[in-house]
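Hi everyone, thanks for making the time this morning. Let me put the sequence and the structure up, and then we can walk through them together.

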Amino acid sequence: MKKLLAIILAALMCASLAACGEGATPQSDATNAEAYGIMQAAQQLMETAGSYSMDMDMVMNMEVAGQKVDVTVDGDMNMVTSSPTEIEFLMNMKTAAAGQEMTVVIYFKDGFAYMDTSGQKMKIAMDLETAMKSASQYQVKFDESAIKTSSIKETADGKELNFEISGDALQSMLGDSISSIQSMAGGDAQITSDKLTYKMLVDKDGAPKSITVYADMSFSMAGETVKATIDMELEVTAIGGVAIEAPADLGSYVETTV
């Protein structure tokens with residue numbers, strides 16, 4: 001049961017934070033196109049600024065075999081992009097569940113990821129594409145074709161963008177997670193999501209201020225079914241002018257092949 005629960009937690013985190021979604025029938029609603037355009041412009045503004053930092057809070061309420069498990073994840077990330085082929089980032093994450101806590105610090109630079117998992121320190125060779133996926137794992141991204149409905153609201157200092165993602169697109173977004181879990185644990189696995197909503201607040205200059213994601217999901221494998229709700233908020237704390245202080249003891253990390 002413990003092994004299954006650990007796998008389920010990993011699956012839900014991967015599934016809820018999938019990098020992109022495709023496969024839905026394109027929508028004709030002009031609001032979708034306008035809202036998506038504003039969101040893309042905000043993301044591009046942040047990603048091309050040279051550096052940015054974000055704070056993240058996530059709560060997962062899960063139910064398995066009649067038992068309820070609450071999982072919280074708190075973290076922050078600093079990203080510096082010197083050129084398209086040269087990035088540096090530092091992520092700090094703390095996960096708490098069932099009275100247990102785990103901290104993870106990931107620092108990436110010059111083709112290596114330095115991972116400190118509750119005191120276990122590893123140095124892992126990592127290509128740029130994999131590093132970027134790791135850095136963006138908590139930023140839910142989707143194609144315009146994935147949008148079921150959307151709205152744009154004016155706020156005192158900008159706009160509020162709201163999206164609901166279509167069921168077909170959600171299943172496409174979960175495809176890679178299903179394959180990963182099947183290879184981890186063997187046998188058939190099924191992940192479904194009944195609802196995913198995405199809200200972005202942008203300021204009067206079009207820069208992103210915060211992102212809120214909510215999802216209803218279920219995961220089935222080996223006769224067990226887990227139902228979960230996921231509520232995540234990302235706050236953009238700085239765009240530009242971010243500097244990273246690398247961990248002082250990088251020389252003590254053990255080089256590992258994974």
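**Charged pairs, a helix and a buried glutamate**

Let's start with lysine 159, which counts as partly exposed at 26% relative accessibility; by that I mean the range between buried, under 20% relative accessible area, and exposed, over 50%, with a 1.4 Å probe and protein chains only. Its partner is glutamate 154: the two side chains meet in a salt bridge at 3.8 Å, N to O. A salt bridge here is a side-chain nitrogen of Lys or Arg within 4 Å of a carboxyl oxygen of Asp or Glu. Glutamate 154 itself is exposed, with a relative accessible area of 61%.

A quick word on what you are looking at. This is a predicted model, where local features need pLDDT of at least 70 and side-chain atom pairs count only at pLDDT 80 or more, while totals for chains, interfaces and linings use all residues. Residues are numbered from 1 along each chain as its sequence is written, and side-chain values use heavy atoms, with hydrogens and water left out.

Now the overall picture. The protein has 4 helices and 12 strands; these are DSSP runs numbered from the N terminus, with helices being H or I of at least four residues and strands being E of at least two. Of its 258 residues, 43% count as buried. The accessible surface comes to about 13,000 Å², and 49% of that belongs to carbon and sulfur atoms, computed by the Shrake-Rupley method with a 1.4 Å probe, where for residues only the protein chains shown count as cover. If we take contacts between residues at least 6 apart in sequence, 60% join residues at least 24 apart; contact means heavy atoms within 4.5 Å.

Back to the charged pairs.

One is between aspartate 249 and lysine 121, with the closest N and O atoms 2.2 Å apart. Aspartate 249 sits in the loop between β11 (224-239) and β12 (254-255), and lysine 121 is in strand β6 (residues 120-125), so this pair ties together parts that are 128 residues apart in sequence. Aspartate 249 is partly exposed at 28% relative accessible area, and lysine 121 is partly exposed too, at 26%.

The other joins aspartate 157 to lysine 209, where the closest N and O atoms are 2.9 Å apart. Aspartate 157 is in the loop between β7 (147-155) and β8 (158-165), while lysine 209 belongs to strand β10 (residues 208-221), so parts 52 residues apart in sequence are tied together. Aspartate 157 has a relative accessible area of 37%, which makes it partly exposed, and lysine 209 is partly exposed at 29%.

Next, helix α3, residues 128-135. Which of its residues are buried? They are Ala131, Ser134 and Ala135. They cover an arc of only 95° around the axis, which puts them on the same side of α3; the arc is that of the directions from the helix axis to the C-beta atoms. At the N-terminal end, aspartate 127 caps the helix, with a side-chain oxygen 3.2 Å from the backbone nitrogen of glutamate 129.

Strand β3 brings us to glutamate 88, which is found there. Glutamate 88 is buried yet has no salt bridge, and the nearest side chain of opposite charge, lysine 109, is 4.4 Å away. (For charge, Lys and Arg count as positive and Asp and Glu as negative; His and the chain ends are not counted.) What does the side chain of glutamate 88 make a polar contact with? The side chain of tyrosine 107, at 2.6 Å. A polar contact is a pair of N or O atoms within 3.5 Å; within protein, one must be able to donate a hydrogen and the other to accept it, and residues adjacent in sequence count only if both atoms are side-chain atoms. Leaving aside neighbours within four places in sequence, the contacts of glutamate 88 include Met79, Val80 and Ile244.

Last stop: glycine 50, in the loop between α2 (30-47) and β1 (51-64). Glycine 50 is in contact with Met79, Val80 and Thr81, again leaving aside neighbours within four places in sequence.

Terms used: Lys, Arg positive; Asp, Glu negative; His and termini not counted.
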